[in-house]
Amino acid sequence: MKIATETASALSYLHASNVIHRDVKTTNILLDNNFCVKVADFGLSRFSPIDATHISTAPQGTLGYVDPEYYESYQLTTKSDVYSFGVVLFELISSKPAVDINRNRHEVNLSTLAIAKIQSHTLDDLVDPVLGFESDHQARKMITEAAALAFQCLQNARETRPSMEEVLGALIGIQREDYDAKSAEELEIPDHEAVMLKSDPPTFSPVSSLTENCSGRGRTPYSSS
């Protein structure tokens, strides 16, 4: 969750600066000794003027991460980065590569596999067992919400995908719920009081826009300590 949130923060900052990364993938997400994120490789990045609706360009990027609508229309927007980030989220959840030719031909792309698991209500088949999906209720809740968010990022029609700022807000909300739940458990707060604690401050829906509760964090450049 830390890696996902810090990556989303970096991409949100880029988009607020009218820059499209264009090659979001796990190998371009670098970690320092404290597991702090550095988003790297801007070789394919493009500047997008505020008044531009799209940039016509030959499709480029990495197989398994490329926005299918961009690939078909040659129209590049920030939602192309959102799609790629959705693939990254599912990589974090599953520990599976974005592309694997050893998988069933309909499941070579992780995005296709993940969408099928979500739609068939078999997310447990996709999740890396070491994450405690079956044994830890709180982990199961966080993973389920993160998967729902990733599913929204992978929508074929770009207008139905959230913005990166909305993605960041949702991830912060998921983390905040986990923090509040753990705090309540450690303090041995009775159930009815724990519910009050979890509802203050307001939480984020993983599939809706609540950017007003982010306090502008999506527009703040990330720096590693």
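**Exercise 1.** At roughly what angle do the axes of helix α3 and helix α4 cross, and within what distance do they come?

*Solution.* The model is predicted, so local features need pLDDT of at least 70 and side-chain atom pairs pLDDT 80 or more, while totals for chains, interfaces and linings use all residues. Residues are numbered from 1 along each chain as its sequence is written, and side-chain values use heavy atoms, without hydrogens and water.

Step 1. The axes of α3 (residues 78-94) and α4 (residues 110-119) come within 10 Å and cross at roughly 70°.

Step 2. The two helices are therefore roughly perpendicular (65 to 115 degrees).

Step 3. Tyr-83, Val-87, Phe-90, Glu-91 and Ser-94 of α3 meet Leu-110, Ser-111, Ala-114 and Ile-118 of α4; contact means heavy atoms within 4.5 Å.

**Exercise 2.** Work out how α1 and α3 are oriented and which residues join them.

*Solution.* Step 1. The axes of α1 and α3 come within 11 Å, crossing at roughly 175°.

Step 2. That makes α1 roughly antiparallel to α3 (over 145 degrees).

Step 3. On α1 the contact uses Ala-4, Thr-7, Ala-8, Leu-11 and His-15, and on α3 Thr-78, Asp-81, Phe-85, Leu-89 and Leu-92.

**Exercise 3.** Check the length of α1 and state how many of its residues are buried.

*Solution.* Step 1. Helix α1 covers residues 2-16, and its 15 residues should span 21 Å at 1.5 Å a residue (1.5 Å times one less than the number of residues).

Step 2. The end C-alpha atoms of α1 lie 21 Å apart, which agrees.

Step 3. Eleven of the 15 residues of α1 are buried (under 20% relative accessible area, 1.4 Å probe, protein chains only).

Step 4. Just after α1, Asn-18 has a positive phi of about 65°.

Notes:
Helices (H or I, at least four residues) and strands (E, at least two) are DSSP runs, numbered from the N terminus. Buried means under 20% relative accessible area, exposed over 50%, partly exposed in between (1.4 Å probe, protein chains only). Axes are lines fitted to C-alpha atoms, for helices over the stretch in contact, and angles run from 0 to 180 degrees between N-to-C directions. Angles under 35 degrees count as roughly parallel, over 145 as roughly antiparallel, 65 to 115 as roughly perpendicular and the rest as oblique.
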